[in-house]
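Here is a short briefing to read alongside the model.

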Amino acid sequence: MKYISEFRRSELAQGLLTQIQRRSKTPVRLMEFCGGHTVTIFKYGIRQLLPETVDMVSGPGCPICVTANADLDKAIALSQMPGVIVATFGDMLKVPGSDSSLQEAKAGGADVRTVYSAMDALKIAGYNPDKSIVFLGIGFETTAPTIAASVLQAEEEVLRNYYVLSLHKLCPPVIRALLDAGELKLHGLVCPGHVSAIIGSRPWEFIARDYGVPCVVSGFELLDILQCVDMLVDQIEDGRSRVEIAYRRAVRPEGNKQALKLMNQVFEPCPAQWRGMGEVPDSGLKLKKEYQRFDAELAFDIKPVPTREPAGCICGDILRGVKTPADCKLFGKVCTPENPVGPCMVSSEGSCSASYLYGVGFEG
Amino acid sequence: MKDKILLAHGSGGKLAHELVEKSLVKALANPLLAKLDDSAVFDFSGRLAFTTDSYVVSPIFFPGGDIGKLAVCGTVNDLAMSGAKPLYLSLSFIIEEGLLQSELKKVVDSVQKAAKEAGVDIVTGDTKVVHRGSADKLFINTAGVGIIAEGINISGSNAKPGDKVILSGTIGDHGIAVVSRREGLSFVTNLESDCAPLGGLVADMVKASPNIHCLRDPTRGGLATSLNELAKQSGVSIRIEEEKIPVREEVMAACEMLGFDPLYVANEGKLVAIVPPNDADKVLKAMRKNGYGKSAAVIGEVGSDKPGRVVMETALGASRIVDMLTGDLLPRIC
Amino acid sequence: MCLAIPALIKSIEGKEAEAEIGGITRRISLWLTPEARVGDYVIVHTGYAINILDQKEAEETLAMLEEIARSAEEEG
């Protein structure tokens, strides 16, 4: 496949690994913020292949994992209201809320539909004029503009039954909160590639400038991650701290102006609850006043169940990178992909799920 | 005949008889079925293989097949995986009222065609009609019997360290073909389900070598799940190489787009064989000569180190564990 | 947040396009990339093109990685 296969060539990966091996002298800890990067790293066993001096830890860049129980409970409560169809990305279906999940609600009669795109949710709204379609808006800055576009399209097409439950989150504020918490000594950051395709590389500059942590924006294929690690090691060994783009074919420093325009037209920042981190200011998105009629929180009298956190679950610590799945007493015993206790085990890019599925720490 | 199936068609009365005789018996014509006795009666001697399955696929018509073809092939393949020559099938329909007669006819025609290719007869059956909403258009239940020749001993618990693992062809075709038609996920592709009866392929393989240890068709849960089942049943480990597993480009593309792993996507016309190392070449050659095995390849080996574990070696030489599928394959954004 | 793939635009109708990847075709939205043209490769996330892929940058990156692989072998 064009622009995918070429970036998986193993002989080129070998070359990068050799270069990293040669360059890396000081022990360093790099964090890949984005869950998509975590998946690639586990899929190819990259941690096994990197020299011992390079330690990689996963961060909270999994929008599924960081969705607070209270927010998921709202979506579940909505799905159980008569006349409501909840359209959701597949990722959210099995995530346990305080006492149920969207999948369980569906089994109990709620109309929950999995979609690949907000475009499909709009279609469902069109085919079901007598029902209300609530789109479960999760995701970071990669996804938020697509939801914004769907709202604008709904406005254009005069769809009166399309709503959005906005649980979108923004990346830079949470990285700042992580660094401020100071629990983790990070020497380099692998920046999310597709979020950066939208917001550009400039929003990451405060990390290099104020915290002295070099940043490299990475793509998601094997060669992309290795190239990014190589560039980070190079900066660290050289004593530099800058934001660089490795994923040059998809990311420009200024980002995607049109996407940002639409996102800022429909949404505005608001405080948001992040699992494991509590409330982070200006890290969520809510619909602006002009688009309030699409806001599911305002249109419906949502009565979620009382919030309850699962006992023994340390997803929060894992998301902050201060603990690993192996540290969790529930991992692999009580908490498995078939019976997840917390979201890190459900989301395909959650640390726990990736560890479980790909057997982290496994000697081969 | 009216154009829709009604509750009355399942009630055993005149309409039901009309449905059975006109639509079903006529299309599936064979002497045992034509007798219309309550049970089909036949002689056999030797070891019998006996299987049952239910088919609830949605949508019932998909590129490359339909629920009827699937029902015959799936049942025939279960028998073939025991090394049996499939002989007779039972076929029960649970029809949701309102299904169009023309749709049922299409399914029955598929059944007839598939049965003919597989060399089996549908000798007994049943028809029920349920209220709207109680069955997703059409459910089919089957049972099948076949005869296992002397000297054949194929079972999931026979794998031995050193055995080779052979895959009969590309994986993921069926699951992706079905998903391409599902609401909310639709995309356009020429990809068709690989739904096929494998009795002939298995017969060729057994002729090449009577020492085949295991056969499994990787249906729901995909190749990964079948390999895990075999590893657990036999108490062995299995190591496969990612580069050796054939995957069509369209399947790869759809999986990339939706976030699926082809290892977990369903197949309906493929099999995995575990054979002693000295027989691997013979079996592979025989498979490649058969239309349903032309892309057959050795994809791995059986080991003894960690019983029940399946490991895949990636292109770079790193290894990862391949577990069973847990739950459904869901499209994801992350 | 990140699952996105490069797809080739085959045709455009208003704000939507037919995009092809590896032999499969899917209708995508160009709301976020109105400047996209037939023949462009775009990065598609949940059915929306989020950016136009810079083919020149892609070639340059690959060339650089090939050079790295070459020197790694020579010095090895």
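Two residues are in contact if their C-beta atoms, placed from the backbone, lie within 7 Å. By that rule, 36 residues of chain A are in contact with 24 residues of chain B. Please keep in mind that this is a predicted model, in which local features need pLDDT of at least 70 and side-chain atom pairs count only at pLDDT 80 or more, while totals for chains, interfaces and linings use all residues. Residues are numbered from 1 along each chain as its sequence is written, and chains are lettered from A and ligands numbered from 1 in the order in which they are written.

**Where chain A touches its neighbours**

- On the side of chain A that touches chain B, at least two residues each come from α1, α2 (35–43), α3 (46–49), β4 (111–115) and α15 (351–358) of chain A; helices (H or I, at least four residues) and strands (E, at least two) are DSSP runs, numbered from the N terminus.
- That side of chain A, facing chain B, divides into 16 nonpolar, 13 polar and seven charged residues; Ala, Val, Leu, Ile, Met, Phe, Trp, Tyr, Cys and Pro count as nonpolar, Asp, Glu, Lys and Arg as charged, and the others, Gly among them, as polar.
- The contact between chains A and C takes 44 residues from chain A and 33 residues from chain C.
- Elements of chain A that give two or more residues to the side touching chain C are α1 (10–23), α6 (118–127), α7 (144–156), α9 (193–199), α11 (222–238) and α12 (257–266).
- The most comes from α1(A), with seven residues on the side of chain A that touches chain C.
- By class, the side of chain A that touches chain C has 22 nonpolar, 17 polar and five charged residues.

**Chain A as a whole**

- Chain A has 15 helices and 11 strands.
- Its radius of gyration is 21 Å, close to the 21 Å that the globule rule gives for 364 residues, so chain A is as compact as a globular protein of that length; the radius is taken over C-alpha atoms, and the rule is 2.2 Å times the number of residues to the power 0.38.

**A helix pair in chain A**

- α2(A) and α15(A) pack at an angle of about 15 degrees, with their axes 10 Å apart; axes are lines fitted to C-alpha atoms, for helices over the stretch in contact, and angles run from 0 to 180 degrees between N-to-C directions.
- That angle makes α2(A) roughly parallel to α15(A) (under 35 degrees is roughly parallel, over 145 roughly antiparallel, 65 to 115 roughly perpendicular and the rest oblique).
- Thr38(A), Val39(A), Phe42(A) and Lys43(A) in α2(A) meet Ser351(A), Ala354(A) and Tyr358(A) in α15(A).

**Chain B and one of its helix pairs**

- Chain B holds nine helices and 13 strands.
- Of the 334 residues of chain B, 51% count as buried.
- The axes of α6 (residues 199–208) and α9 (residues 280–289) of chain B come within 8 Å and cross at roughly 150 degrees.
- That makes α6(B) roughly antiparallel to α9(B).
- The residues of the contact of α6(B) with α9(B) divide into six nonpolar, no polar and five charged.

Conventions:
A residue is buried if 20 or more other C-beta atoms lie within 10 Å of its own, exposed if 12 or fewer, and partly exposed in between; C-beta atoms are placed from the backbone.
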